[in-house]
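Keep the 3D view open as you read.

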Amino acid sequence: MSDLLHYCRRLQLLVASLLLALLTLSAVSADRLKAQVTWLADPAREGRYAGSPGGAAAAQYIAGQLKELGCDVQMQEFGGGRRNVAGRLGSAPRYILIGAHYDGQGPGMPSASDNAAGVAVSIEILRELKSKNLPVSLVVIAFDDEEQGLNGSRYYTDHPLYPLENAQAAIIFDTMGRQFMDLSAWTMFVLGTEYSKELTGVVQKRSRPDMFVVGSDLIGPRSDFAPFAVKHVPYLFFSHATHKDYHGPGDTADRIDYTKLAQDATFIAQIVDDVARLQSPPKYLAQPAYPAAETATLEREVELVEKERKDLPEAYRMMFADLKTRLKTDDSREVRRIGTTVFLALATPRFSSFMLTFFVGPYYEKENRRDLAVAAYQEALKWASSPAERQELEEKIRAR
Ligand SMILES: [Zn+2]
């Protein structure tokens, strides 16, 4: 009897470890992501500035990774030593495009979260889906020269290697693997659902509490999804968004949370799988239908910040209090855009001055909230770097 019990226990253990092994097999590897981000963000790549030798080396590396996965690889040169890297897997004419820019900020700027991590996620999602027998092909594009104005993705959408009308969707990544605003809570932003009912359905089905689904207009045409929107290709944009080291020398490979990045890459691979198997292909909506839960999402973000940042400067306290009130009575896109701009200003001190001076302050002036405008300018003054900037802000504060 006890022997049998013992045997059963061992069998249970065996089954459990087999299941665990299977689960691990069908998940993106944190180690692989780390190896790729570390290579791309290495000082030897010199920040992968578009057209630089470091950028060219990164393109070769990405091409190598895609070839290893069995992709048909093409380099799309577009002048100035710049090139997009494209890898296609599968022969079905319909395809899902997975894209992320690989260029960076140049020497001294490792550009790990922005956007070595997005490139690594693209490659690993391809590896993850390779054996899934999808009814569509997969096309990974690593875009060059995003930082100077989305030049690689704009060139690509004007000169697509595969007809854009055959694209089921474009799945775009930018700025991944760090916590938004350096909060302890993990948040993944999903933008672009407003242009497709079908993609909205997929995202809703997979919805998670830490997934923030908002309209793309809240950040504006700031990443490689924008040229696809212009061509009316349905898209989803995933980002963990900005942090204190964004576009700075501290955006290093060792500061990425690879466990979280791998979990989210696995999760996004499921979404891509769902999109591939949609009965009717996503259609691009001429009129955006913004996410129903967007207001609640922004309110939740305000609460998170207020709870965690006890040292929040007075200007932000005032602006967040105002935002909460406005969100209850004003359903305009402008309020949501300004609210998002306040978050982004708080997230990255090196951009605070610019955002508060040119967007937030003027908005409050227009709304006849001189008190909030002055608070915004005073906060901006803390971060203003040039004497001209400081003088301009001091004048704005004094103005009547
Ligand atoms: Zn970027």
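Predicted model: local features only at pLDDT ≥ 70, side-chain atom pairs only at ≥ 80, totals over all residues.

Start with the strands. In what order do the strands of the open sheet run? The order is E1-E2-E4-E3-E5-E8-E6-E7, which makes 8 strands with mixed pairing. At the edges sit strand E1 (72-77) and E7, and each of these pairs on one side only. If you ignore direction, neighbouring strands in this sheet are turned by 20 degrees against each other on average.

Strands of a sheet pair through backbone hydrogen bonds, and they can do it in a parallel or an antiparallel way. You can find an example of each kind in this model. Strand E2 (residues 83-89) and strand E4 (residues 137-143) are antiparallel partners, with 5 bridges. Look along that pair and you'll see arginine 88 standing opposite valine 139 in E4. E6 and E7, on the other hand, run parallel and are joined by 4 bridges. In that pair, phenylalanine 189 stands opposite phenylalanine 212 in E7.

Now zoom in on E7. In a regular strand, side chains alternate between the two faces of the sheet. Which way do the side chains of E7 point? Met211 and Val213 go one way, while Phe212 and Val214 go the other, and all of them are buried.

H6 packs on it and touches strand E5 (167-173), E6, E7 and E8. The direction of H6 makes about 40 degrees with that of E8. H9 lies across E6 and E7, and its run makes about 130 degrees with E7.

**The pockets and cavities**

How do we find gaps in a protein? Rolling a probe the size of a water molecule over the atoms shows where empty space is left. Here are the spaces side by side.

| Space | Volume | Lining by class |
|---|---|---|
| Largest pocket | about 750 Å³ | 18 nonpolar, 10 polar, 8 charged residues |
| Second largest pocket | about 320 Å³ | 11 nonpolar, 6 polar, 3 charged residues |
| Largest cavity | about 60 Å³ | 8 nonpolar, 1 polar, 2 charged residues |
| Second largest cavity | about 30 Å³ | 4 nonpolar, 2 polar, 1 charged residues |

Let's take the largest pocket. Its lining has 36 residues, and Leu218, Ile219, Arg222, Leu344 and Met355 lie nearest its centre. The elements that give two or more residues to this lining are strand E6 (188-191), strand E7 (211-214), strand E8 (235-239), helix H9 (294-308), helix H11 (333-347) and helix H12 (349-366). Which element gives the most? That's H11, with 6 residues.

Next comes the second largest pocket. Of the 20 residues that line it, Gln204, Val213, Pro291, Ala292 and Ala293 are nearest the centre. Helix H6 (197-205), E7 and H9 each give two or more residues to this lining. H6 gives the most here, with 4 residues. You've met Val213 already: it is one of the buried residues of E7.

How many cavities of 30 Å³ or more does a search of the whole structure find? The search turns up 2. Around the largest cavity, helix H10 (314-329), H11 and H12 each supply at least two lining residues. H10 gives the most, with 5 residues. Among the residues lining this cavity are Met319, Phe320, Val335, Ile338, Tyr363 and Tyr364.

The second largest cavity is lined by Arg222, Thr242, Tyr246, Leu344, Thr348, Phe351 and Met355.

**A residue at the surface**

To finish, find threonine 329, which lies in helix H10. Is threonine 329 buried or exposed? Its relative accessibility is 71%, so threonine 329 counts as exposed; the cut-off for that is over 50%. Threonine 329 and tyrosine 195 are 134 residues apart along the chain, and their C-alpha atoms are separated by 25 Å.

Definitions and conventions. Residues numbered from 1 in each chain as written. Heavy atoms only, no water. 1 Å grid on protein atoms, 1.4 Å probe; cavity = no way out; pocket = protein on both sides within 12 Å on 5 of 7 lines; lining within 4 Å. Points joined across faces, edges and corners; volume = space filled by probe spheres on them. Nonpolar A, V, L, I, M, F, W, Y, C, P; charged D, E, K, R; others polar. Pairing = 2+ DSSP bridges. Axes fitted to C-alpha atoms, helices over the stretch in contact; angles between N-to-C directions. Contact = heavy atoms within 4.5 Å. Buried < 20%, exposed > 50% of the residue type's maximum accessible area, 1.4 Å probe, protein only.
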